[in-house]
Amino acid sequence: MIAFVSGPVAALAPTTAVVEVGGVGMAVQCTPDTLAGLRVGEHARLATSLVVREDSLTLYGFADDDERQVFELLQTASGVGPRLAQAMLGVHSPDALRLAVSTGDEKALTAVPGIGKKGAQKLLLELKDKLGRPLGSSGLVGAQRAVAAGPAPWTEQLAAALVGLGYASREAEEAVAAVTPQAEAALAETGSAPVPQLLRAALQTLNRAR
């Protein structure tokens with residue numbers, strides 16, 4: 001198992017970071033939130049989980065060991081593969097997921113693309129005794145961040161991710177403004193803004209503008 005990768009960030013893409021390790025570029029699948037904290041040329045250390053398939057080896061990267069542990073625990077539930085587990089962590093922090101499962105919050109889980117009402121109910125049952133209680137106050141903050149006062153955190157995450165991908169601050173701000181109606185609609189319906197989906201929509205906007 002590759003427990004972590006450490007080295008300079010060689011490249012960033014919408015879903016992937018390339019970290020140079022011993023002269024080799026390691027492609028690591030990351031959430032938008034993790035990618036937002038990376039910068040090309042700067043040193044990074046990512047906790048990782050290697051997923052082995054018959055036709056592929058995929059390395060998933062995380063900001064810390066706790067996020068990786070939750071990623072692996074999520075996959076013990078039936079029907080949850082690495083992509084869905086990463087999508088869940090792309091929408092919610094580890095403690096926010098713990099809080100959602102411990103309180104039976106279906107709405108929080110259905111905010112994740114690919115999880116419907118029945119799927120959320122099944123996950124709540126299967127994960128109830130696996131994730132445990134939130135480790136700190138961050139879970140409650142994460143669950144309530146969509147309705148917090150002041151600037152919406154998703155706008156900061158999205159702008160940071162776009163700047164990290166090489167776009168100018170002005171371009172990032174314009175793209176955030178373009179997807180704001182989509183984010184507001186999601187907030188009204190589910191209580192959270194799906195940053196991975198918004199990032200894809202923002203990139204499409206930027207590509208059309210070029």
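Here is a short chat about how some labels in this structure are assigned.

User: What kind of model is this, and how are residues numbered?
Analyst: The model is predicted: local features need pLDDT of at least 70, side-chain atom pairs count only at pLDDT 80 or more, and totals for chains, interfaces and linings use all residues. Residues are numbered from 1 along each chain as its sequence is written, and side-chain values use heavy atoms, with hydrogens and water left out.

User: Which strand holds threonine 16?
Analyst: Strand 2, residues 16–21; a strand is a DSSP run of E, at least two residues, numbered from the N terminus.

User: What makes the threonine 16 and glutamine 29 pair a polar contact?
Analyst: Their side chains come to 3.2 Å. The term asks for a pair of N or O atoms within 3.5 Å; within protein, one must be able to donate a hydrogen and the other to accept it, and residues adjacent in sequence count only if both atoms are side-chain atoms. So the pair qualifies.

User: Why does aspartate 95 count as buried?
Analyst: Its relative accessibility is 5%, so aspartate 95 falls under the 20% limit. Aspartate 95 sits in helix 4, residues 94–103 (a helix is a DSSP run of H or I, at least four residues). Its side chain also makes a polar contact with that of arginine 98, at 2.8 Å.

User: How do you know that helix 3 is mostly covered?
Analyst: Eight of its 10 residues (82–91) are buried, among them Pro82, Leu84 and Met88.

How values were computed: Buried means under 20% relative accessible area, exposed over 50%, partly exposed in between (1.4 Å probe, protein chains only).
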